Amino acid sequence: MSVATQTHCPYCSLQCGIRLTPQLGGTLELAGREDFPVNRGGLCIKGAHAAELINHPERLTTPLARERRGQPLRPVTWDDALDRVTEAITRAQDVHGRDAVGCFGGGGLTNEKAYQFGKFARVALRTAMIDYNGRFCMSSAAAAANRSFGIDRGLPFPLSDVADAEVVLLVGSNPADTMPPAMQWFAAARDRGARHVVVDPRETSTAKLARRHLRSVPGTDLALANGMLHIAIRDGLVDQAYIAARTTGWDAVRRAVRADWPDRTERITGVSISDMTATVHDLATARTAMILTARGAEQHADGTATATAWINLALALGLPGRGRGSGWATVTGQGNGQGGREHGQKADQLPGYRKLADPADRAFVADVWGVDPDELPRPGVSAYEMLERLGTDGGVRVLLLAASNPVVSAPNAAHVAECFGALDFLVVTDFFLSESARYANVVLPTTQFAEEDGTLTNLEGRVVRRRRAVAPPAGVRTELEIWHELASRLGRGSGSRGEHFPTDPRVVYDELRRASAGGIADYNGITWERLDAGEELFWPCPDEAHPGSPRLFAERFPTPDGRARFVAVTHRSVTERPDKRFPYLLTTGRSRSHYQSGVQTRRNAALVEAEPVAYAELHPRLAGEIGVDDGGAVRLTTRRGSVVVTARYTDGIRPDTVFVPFHWARVNDLTSARLDPTSRMPEFKSCAVAVAAVGARRPVHHPDPRPEELHR
Ligand code: SF4
């Protein structure tokens with residue numbers, strides 16, 4: 001009889017527990033795990049069909065290489081492929097210096113791989129050029145949380161706390177579509193009478209379930225948060241005792257929102273004064289309340305300031321650290337977006353959230369790694385800043401791309417694709433031939449989730465075990481094996497502590513624990529043995545007797561003085577505003593049936609059947625004005641590019657706004673690469689767009705828009 005393996009879904013940050021049981025014929029039966037406390041058996045359509053990709057006919061099972069640009073990729077041996085990569089790295093670094101080789105990772109890599117990729121860049125390649133696609137996901141919230149709380153953990157409390165919140169304000173988050181199993185906690189709260197408020201330009205599935213929907217103009221969430229804080233101050237709702245005891249910086253914030261009068265905020269955001277006022281009063285008068293932000297608020301050129309504004313409101317109302325059911329949090333996106341940024345894939349970070357720019361942090365990690373601290377490179381540049389200079393003088397000439405597809409997922413993607421074409425050499429490790437892999441000189445096939453062991457860290461800071469259920473196909477290797485081989489070939493395979501790049505994920509994890517010990521993201525006490533024994537462990541967990549930290553901030557914040565910091569931020573319209581040529585606003589996001597750049601989900605028959613093609617959601621009024629039928633072709637054009645997608649009518653969206661899911665190639669040709677000054681997050685969520693019907697149909701003119709539907 002086949003033995004079931006307890007593991008986790010490969011996709012989003014919820015990391016739902018699943019059970020995989022091998023079947024005759026080599027397939028895997030997948031079921032949700034009732035014993036895992038986050039999803040309690042529930043799965044979304046993506047997770048339910050995740051095992052179907054294991055034996056997919058397009059699965060890469062042999063290394064591929066091309067002789068020169070323009071020629072096709074052909075199967076080669078592993079030795080040949082790795083020799084080519086080694087030669088390209090050596091040549092580029094000899095001619096152009098160490099930083100001519102770059103690494104670009106993914107938020108889906110396990111903790112062990114994320115850690116090892118960061119170490120490979122710093123120790124084997126000695127390059128400063130490493131970043132990852134999580135930069136495009138939660139970097140703004142991470143920067144804001146670090147600044148305000150001294151720590152970046154998506155949820156500083158278990159997700160189940162949502163069930164204890166009397167009021168939840170969700171800003172730019174649509175879990176009912178993107179992570180449906182999470183909704184059981186919202187439903188439990190509503191059953192107890194909780195009031196949920198959603199801020200979103202669209203009436204999403206989540207908004208439909210809410211008590212109140214604030215249909216804001218894209219890119220105005222900072223103004224909304226400040227306007228609501230103004231109301232809280234005006235109406236005497238701030239928690240003065242909490243502010244005095246647990247925070248610093250209040251006076252500057254109080255002054256900063258003085259001019260954010262309700263009528264001005266209404267004009268900017270499109271949210272009525274009455275809705276703002278009612279929401280502030282709900283939050284302030286509830287016994288328990290939380291504010292949750294997500295990519296809708298954060299993926300902006302002012303994303304850090306926007307997340308900060310919502311944190312300011314939460315602090316003014318005394319929510320963080322109040323106890324179960326209260327606080328501020330960000331609902332992170334990628335499967336291991338959290339762990340991926342804690343252990344060294346980010347340009348400025350070392351394992352355990354240590355800083356590359358900090359001499360003490362450098363010395364600590366260098367000691368664990370058995371290298372001289374002076375050998376470690378300085379901090380590098382952020383993801384888009386690396387991508388936009390590929391192939392240029394002073395830029396990266398050889399790129400190692402691991403489990404990421406920036407040709408689809410990066411902003412201004414057509415330009416990024418051109419930059420990929422300018423590289424001297426591209427190495428892609430993946431299990432499908434992604435759009436980015438089509439530019440590769442060498443493609444190295446890797447294992448999938450069900451074929452490997454490791455750990456991931458979900459949105460709550462909970463560390464979970466990925467377990468191998470089946471053997472990988474012959475010819476496939478793990479990234480750990482690939483980096484081990486490359487480091488050996490580069491003559492950097494070992495140092496004073498022995499082998500630098502072991503291939504056993506448990507050995508890598510134990511080194512990660514040591515490297516994170518004493519850091520902000522301290523995993524030292526979280527062992528595979530404890531996880532395998534069924535313990536629920538959240539970082540920080542400094543030693544093996546420590547129970548872990550499911551809830552943060554009860555006594556103090558992890559800042560030098562133990563207090564949270566208010567940070568004054570003001571609304572300055574940084575996004576492209578509509579004009580005569582581009583009269584509408586474009587916003588992007590995730591759909592129910594696909595995930596990220598779609599490399600996996602667009603190959604899954606069930607998910608393709610559910611959502612076969614790229615589409616744009618339009619208000620029927622806008623659709624009528626341009627003369628496009630529901631289901632007809634519509635061309636979207638921005639200052640950067642143009643795509644044709646299928647029109648989908650919905651009267652739940654603002655008539656001045658178009659929504660497109662970003663899972664399909666070319667959609668990110670439209671989006672703006674303007675970067676947040678702190679987090680370097682691109683402006684994914686708002687830009688000006690022109691909309692036109694493709695093919696003949698006469699425009700239908702609707703009455704003038706209602707005043708609240710006009711651009712503010
Ligand atoms: Fe997987 Fe996320 Fe769906 Fe859960 S909600 S099944 S983790 S994609």
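**Figure 1. Helix α20 and its buried residues.** Helix α20 spans residues 479–489, and its buried residues are E479, L480, I482, W483, H484, L486 and A487. Buried means under 20% relative accessible area, exposed over 50%, and partly exposed in between, with a 1.4 Å probe and protein chains only. Helices (H or I, at least four residues) and strands (E, at least two) are DSSP runs, numbered from the N terminus. An α-helix has 3.6 residues a turn, so residues three or four places apart point the same way. G491 follows α20 and has a positive phi, near 75 degrees. This is a predicted model: local features need pLDDT of at least 70, side-chain atom pairs count only at pLDDT 80 or more, and totals for chains, interfaces and linings use all residues. Residues are numbered from 1 along each chain as its sequence is written, and side-chain values use heavy atoms, with hydrogens and water left out.

**Figure 2. Strand β8 between two parallel partners, β9 and β12.** Strand β8 covers residues 167–171. Five of its five residues are buried, so β8 is largely enclosed by the rest of the structure. V167, L169 and V171 point one way from the strand, V168 and L170 the other way, and all are buried. Two strands pair if DSSP finds at least two bridges between them. Five bridges join β8 to β9 (residues 195–199), and the two run parallel. Here V171 stands opposite V199. Five bridges also join β8 to β12 (residues 289–293), again in parallel. V168 has M290 as its bridge partner in β12.

**Figure 3. Strand β29 and its antiparallel neighbours, β24 and β26.** Strand β29 runs over residues 687–693 and is mostly covered, with five of its seven residues buried. Strand β24 (residues 584–589) joins β29 through three bridges, and the two run antiparallel. Y584 stands opposite V689 of β29. Strand β26 (residues 633–637) pairs with β29 over four bridges, also in the antiparallel sense. V634 has A693 of β29 as its bridge partner.

**Figure 4. An open sheet of seven strands.** The strand order is β5-β4-β18-β17-β16-β6-β7, and the pairing is mixed. The edge strands are β5 (74–75) and β7 (130–132), each of which pairs on one side only. Inside the order, β4 (residues 64–65) and β18 (residues 442–445) run antiparallel and are joined by two bridges. A65 has V442 in β18 as its bridge partner.

Figure 5. The ligand is surrounded by C9, Y11, C12, L14, Q15, C16, L43, C44, K46, G47, M179 and P181. A residue is near a molecule if one of its heavy atoms lies within 4 Å of it. By class, the shell has nine nonpolar, two polar and one charged residues. Ala, Val, Leu, Ile, Met, Phe, Trp, Tyr, Cys and Pro count as nonpolar; Asp, Glu, Lys and Arg count as charged; the others, Gly among them, are polar. The space taken by the ligand is the second largest cavity. On a 1 Å grid over the protein atoms alone, a cavity is a set of points where a 1.4 Å probe fits but cannot get out. A molecule sits in a cavity if more than half of its atoms lie within 2 Å of its grid points.

**Figure 6. Two buried charged residues, D177 and R212.** D177 lies in helix α5 (residues 175–178). D177 has a relative accessible area of 12%, so it counts as buried. Leaving aside neighbours within four places in sequence, D177 contacts K46, S205, S591 and R592. Contact means heavy atoms within 4.5 Å. R212 belongs to strand β10 (residues 212–214). R212 is buried too, at 15% relative accessibility. Not counting residues up to four places away in sequence, R212 touches H196, V197, V198, D275, A278, T279 and D282. R212 and H196 are 16 residues apart in sequence, yet 6.7 Å apart in space, C-alpha to C-alpha.

**Figure 7. Backbone details at Y353, W539–P540 and F553.** Most residues other than glycine have a negative phi, and most peptide bonds are trans. Y353 is not a glycine, but its phi is positive, about 70 degrees. Y353 sits in the loop between β14 (349–350) and β15 (354–355). Its relative accessible area is 4%, so Y353 is buried. F553 also has a positive phi, about 75 degrees, without being a glycine. F553 is found in the loop between α22 and β23, and is buried at a relative accessible area of 8%. P540 is in the loop between α22 (528–532) and β23 (564–565). The peptide bond from W539 to P540 is cis, with omega near 0 degrees.

Notes
1 Å grid on protein atoms, 1.4 Å probe; cavity = no way out; pocket = protein on both sides within 12 Å on 5 of 7 lines; lining within 4 Å.
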